[in-house]
Amino acid sequence: MDQLIPDTTYYYVVGRQGHDPAGQGTRLGDVGSFRTAPAPGRGAGFTFTAFGDQGIGYNAAATGNLIAGLDPAFHLHMGDLSYANAGGSGKTGDAYDARLWDSFFVQNDPVASRTPWMPAIGNHEMEPWYGADGYGGMRARFTTPDNAWNQSTGIYSWRYQNVGLISLDGNDVCYNTPANLDYTKGKQKKWLESRLAALRADTGIDFVVVYLHQCTYSTCHDNGAELGAQQDWAPLFDKYQVDLVLSGHNHVYERTDPIRAGKATRKVASGDTVDPVKDGTTYVVAGGGGGGLYSFPAADTYLGHETANDKSVPMVVSDRSGHNQTVKVTWSRVRYTGYCLVAVDVTPAVAGRPARMEVRSLMEDGTAVDRVTVQRS
Ligand SMILES: [Fe+2]
Ligand SMILES: [Fe+2]
């Protein structure tokens, strides 16, 4: 759909050519609705939500219902959507059941029928039987903005009010699941830099948020952190002062202290404020959308349950040959092993007070796990 009027509620019925939704045969439950965004600069603030690794089941439905309760302007899904490809290696030997896609949409329909879901591509979306990149199934099921060089592969950029957003395909830089490693032949990196430069040059945009499946930084060892993202993309996140990077892939919640040049710049506890201009980029892993949980090598530490967290923690990364290396890091500030989502409340600049984003993480019952304010100097 295009040419929609800003700040307007639309009602719709899914039907067929020639079907009259006002005529007989339409039940009230068939009528969906959604509200379009206010025109840029006209909004009074908004909330968006995010998680990855949802799958299908009790916890997946619970985090989905939590989205509905928050009534966000949009929801970001950081990949590993239905797990129809259960194997997730992107190879033809993976176990695959296409019917899980149907269950996924039935589960999420009550929320996704009124709130836009903006997906990033995970390793479980590589379905090697469908297209050279394995994304034929994604292209058939999702339409995303087509402003990158290749259409509907999960690489796209958009804006909502004063926030610029970029979705990346982490399979392009993933050394331990290399089915699509380097498949863009450097094009994604070039496109990323041009998008970051354009968004930062836009005076109507206060914050730049990047979302992708794989973790640039994480201390969860199940899937580790991506050396490819650290080497290829983190220097660009530094250069363009990206405010927030959201990912999934590790089925836990983790927030870093602000990082620049691979190092923590200062300790930011729950409740504190980060200044991305001075401090660097905050990285959040929110992979507790519903899939089976992973674990951390160090004790959980989160709002109201802080544990001693002054020592370094081991991070595992794969190198290009697939060998694991362990590196000690100090930036793992909040760790929570449980189902959760991230809710970001965006407030525009008013009466001399700068714009801010309050990034909250919530358990599936709505209890707060973490809270940090992002405000640029
Ligand atoms: Fe996953
Ligand atoms: Fe994953």
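**Iron site and aromatic pairs**

Q: Are histidine 213 and histidine 249 buried or exposed?
A: This is a predicted model, in which local features need pLDDT of at least 70 and side-chain atom pairs 80 or more, while totals for chains, interfaces and linings use all residues. Residues are numbered from 1 along each chain as written, chains are lettered from A and ligands numbered from 1 in written order, and side-chain values use heavy atoms, without hydrogens or water. Buried is under 20% relative accessible area, exposed over 50%, and partly exposed in between (1.4 Å probe, protein chains only). On that scale, both histidines are buried.

Q: At what distances is the iron ion (ligand 2) coordinated?
A: Donors are N, O and S atoms within 2.8 Å of the metal (3.2 Å for Na, K and Ca), and sites may look incomplete since water is left out. Here they come from Asp80 (OD), Asn123 (OD1), His213 (NE2) and His249 (ND1), at 2.1 to 2.3 Å.

Q: Which residue coordinates both the iron ion (ligand 2) and the iron ion (ligand 1)?
A: The two ions sit 3.4 Å apart. The residue coordinating both is aspartate 80.

Q: With which residue does the side chain of glutamine 214 make a polar contact?
A: Glutamine 214 has 1% relative accessibility, so it counts as buried. A polar contact is an N or O pair within 3.5 Å; within protein, one atom must be able to donate a hydrogen and the other to accept it, and residues adjacent in sequence count only through two side-chain atoms. At 2.9 Å, side chain to side chain, the partner is asparagine 171.

Q: How are the rings of tryptophan 101 and phenylalanine 104 arranged, and what is the pair called?
A: Rings of Phe, Tyr and Trp (its six-membered ring) pair if their centres lie within 6.5 Å; planes under 30 degrees apart are stacked, over 60 edge-to-face, the rest tilted. The whole structure has 23 such pairs. In this one the centres are 5.9 Å apart and the planes at 90 degrees, so the pair is edge-to-face.

Q: What is the relative accessible area of tyrosine 183?
A: Tyrosine 183 pairs edge-to-face with tyrosine 135, at 6.0 Å and 80 degrees. Tyrosine 135 is buried at 0%. Tyrosine 183 is partly exposed, at 21%.
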